[in-house]
Amino acid sequence: MQPESQNSISSAVFGLQELHALGTINLDKAREEFTQHINSIRNICSQFESEVLGDVMKMGAGADPAFRKHFTHLKEQASLESTVMRVKDTLKTTKAFLEKSLREKEESKSKIETQRLEKLAQSMGLVAFIDSHKFESGVPITTITLGGTVIVVDIDIDESGRVLRSKVTYVSDTLQNDQDDRVDKMLAENLQSRNFDLFTRNLKSLALLDQLNVKYESVDFFSITKGLLTDLKDICRQEIEIEANLKTVLLEGHGIPNLHLDYPGISISYWMSKQAINHNNWSQMEQAFQNDETDPALSNSCKLLISFEDSIQPMCYLPPSRFTYLLGFDETEESIKEGIDGEHFKIVTETSAPKFMRHLSFVKPMPSNPYIQPIPVRFVATLDPPIPVADEICQKLMTITGTINVENISSSAIDNTTKETIQTQSLEDMLVAGVDQDTFNENNEWVVVGFCIFFSCVCNY
């Protein structure tokens, strides 16, 4: 993902363009920026109407030639500015290419690597420190430290530019138990294999958690993430007890949750090719899951990467008095209501479920809770790898997750009898139209990615 620029629609829309022209997109952010640009254009038009057209009207019949001349001048000026901007962008690209070539020729490879990492860190709001005075077995080693407020990443590089290792450290004492060498190895392998795009994605995930914990001190995103992982594992264990076939749980259930599998955080494996399925030892994979380990074979699965993103609609997260969203076997709606702050919780139940599972229920925190401060941040799941799907599936997923407002779509696009056939909205409709908070279609068929219902339950109110 390219560094985001301020006040630019492209910063929200045109990102990682691996499959679709729009790439990965935060629709709420695109809506907000689109509105800002529309308002700016409106202000310019209003200013033109009041200042230019008003003077033209005062001139009477003789104003027509003058106005035409003025209009022609504006068109020529716009065309000239457009040409200058294109040339300017080309010169910037050429300058950057020449500077890079000169650096690679004159500077050491370790310095080239550290400069690239330093620039990347700055684009993510991290601070970079470079220590070039270390030796290991007589060989000079350069360590670059990418520091946030909560998370610090140290990367050791030898004089040939080869990455030796990386180390992620949590500054807070309460996060010391979260240290995991899988994240260290993951970042090091990304750089050693020269997969800089993957390293950027993974580092950005860590930087985001760091920034969110600083910006919204009332919410502990590390605790929220651990609670979510606990819920996902409990759901998977319940499905294994009923189905006793991990392959079926993968393909037809809520998926298999992973921690730090090629991604620093939670991911959910939801599909795998037939060839990979036939070559896996499913008994071994199930045993690994029950031991809170991740089988490397799941790297070949299609996954959902769980993270957070900005949202227009404020979201409520669990208060300190509750760790998980999933309603336990020994819990009922009555027991929740009678418990601590029970009047500030709502019990919601899945409207669809796998054929072998009961419908799960979840605790949803309400904004009336005095220990909760709603914040404009929501869960987001990113498909890895991205996949093309039919419009109908997109609409079902949007309906399940509450990101579509059926009432705002023209009647010609909806079957008035069932409202089940919804045509794709245009980008303009998606950017301008509001989002209804409680829109949900109870007649949706079950989709393999059943976690979408989970996110809908815990995020929308």
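Predicted model: local features only at pLDDT ≥ 70, side-chain atom pairs only at ≥ 80, totals over all residues.

Mentor: Residues are numbered from 1 along each chain as its sequence is written, and side-chain values use heavy atoms, with hydrogens and water left out.

Trainee: How many aromatic pairs does a search of the whole structure find?

Mentor: A pair of aromatic rings is described by the distance of the centres and the angle of the planes. Rings of Phe, Tyr and Trp (its six-membered ring) pair if their centres lie within 6.5 Å; planes under 30 degrees apart are stacked, over 60 edge-to-face, the rest tilted. Here the search turns up seven pairs. Take phenylalanine 221 and phenylalanine 308: centres 5.0 Å apart and planes at 80°, so they're edge-to-face.

Trainee: Which parts does that pair tie together?

Mentor: Helices (H or I, at least four residues) and strands (E, at least two) are DSSP runs, numbered from the N terminus. Phenylalanine 221 is in helix 7 (residues 221-243) and phenylalanine 308 in strand 7 (residues 302-315), so the pair joins parts 87 residues apart in sequence. Ring pairs also link Phe221, Phe308, Tyr317 and Phe379 into a cluster.

Trainee: And where does the charged end of arginine 116 sit?

Mentor: A charge sits over a ring if NZ of Lys or CZ of Arg is within 6 Å of the ring centre and within 35 degrees of the ring normal. Arginine 116 has its charged end over the ring of phenylalanine 196, 4.0 Å from the centre.
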